[in-house]
Amino acid sequence: MESLNQLKDAGLNLALCSNLAAPCDSAKLLLPSFDVYGWSFEVGTIKPEPAIYRQMIEQLGCEASAIAMIGDTLQADMLGPIGQGMRGYHLQREGKADQCGFVSLMDFAAHVLQYPPSANG
């Protein structure tokens with residue numbers, strides 16, 4: 001995934017937070033390596049429950065405001081993270097994004113590189 005590689009090349013840490021019910025080695029093989037993985041089956045909770053986001057924040061070792069999260073589920077990937085102080089965005093692959101979303105991970109990566117999250121919000 002070129003977009004994730006761009007973020008990694010810029011020195012940003014990457015995390016994957018997923019509502020995966022059981023271990024799945026193929027997920028790690030298909031994606032670029034992440035610095036942190038937040039699997040629901042390991043954390044014992046699922047998105048959008050606050051505990052899974054708190055686990056990700058703790059593993060990343062930074063302030064919540066320094067994290068930008070994107071995913072294709074409005075509640076779990078945008079509103080849940082926002083509720084924990086992160087920047088959350090909705091991946092709207094159908095081709096028309098509103099002001100809170102992006103139509104591709106490339107657009108998201110470009111935005112994060114232009115406006116990186118900071119510990120100051």
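Biologist: Glad to have you here; what should I know about the model before we start?
Modeller: It is a predicted model, where local features need pLDDT of at least 70, side-chain atom pairs count only at pLDDT 80 or more, and totals for chains, interfaces and linings use all residues. Residues are numbered from 1 along each chain as its sequence is written, and side-chain values use heavy atoms, with hydrogens and water left out.

Biologist: How many aromatic pairs does a search of the whole structure find?
Modeller: Rings of Phe, Tyr and Trp (its six-membered ring) pair if their centres lie within 6.5 Å; planes under 30 degrees apart count as stacked, over 60 as edge-to-face and the rest as tilted. With that rule, the search of the whole structure gives 6.

Biologist: Why do Y37 and W39 count as they do, by the centres and planes of their rings?
Modeller: A pair of aromatic rings is described by the distance of the centres and the angle of the planes. For Y37 and W39 the centres are 5.6 Å apart and the planes at 10 degrees, so the pair is stacked.

Biologist: Is W39 buried or exposed?
Modeller: Buried means under 20% relative accessible area, exposed over 50%, and partly exposed in between (1.4 Å probe, protein chains only). W39 has 5% relative accessibility, so the label is buried.

Biologist: What is the angle between the planes of W39 and F41?
Modeller: F41 is partly exposed because its relative accessibility is 28%. W39 and F41 form a stacked aromatic pair, 6.3 Å centre to centre, and the angle between their planes is 20 degrees.

Biologist: Which residues form one aromatic cluster?
Modeller: Y37 and W39, both buried, belong to it.

Biologist: Which side chain makes a polar contact with the side chain of Q92?
Modeller: Q92 sits in the loop between strand 4 (87-91) and strand 5 (101-102); strands (E, at least two residues) and helices (H or I, at least four) are DSSP runs, numbered from the N terminus. At 6% relative accessible area, Q92 is buried. A polar contact is a pair of N or O atoms within 3.5 Å; within protein, one must be able to donate a hydrogen and the other to accept it, and residues adjacent in sequence count only if both atoms are side-chain atoms. At 3.1 Å, the partner is H90.

Biologist: How far apart in space are P116 and A68, C-alpha to C-alpha?
Modeller: P116 lies in the segment after helix 6 (105-114) and is partly exposed, at 46% relative accessible area. P116 and A68 are 48 residues apart in sequence, and their C-alpha to C-alpha distance is 8.3 Å.
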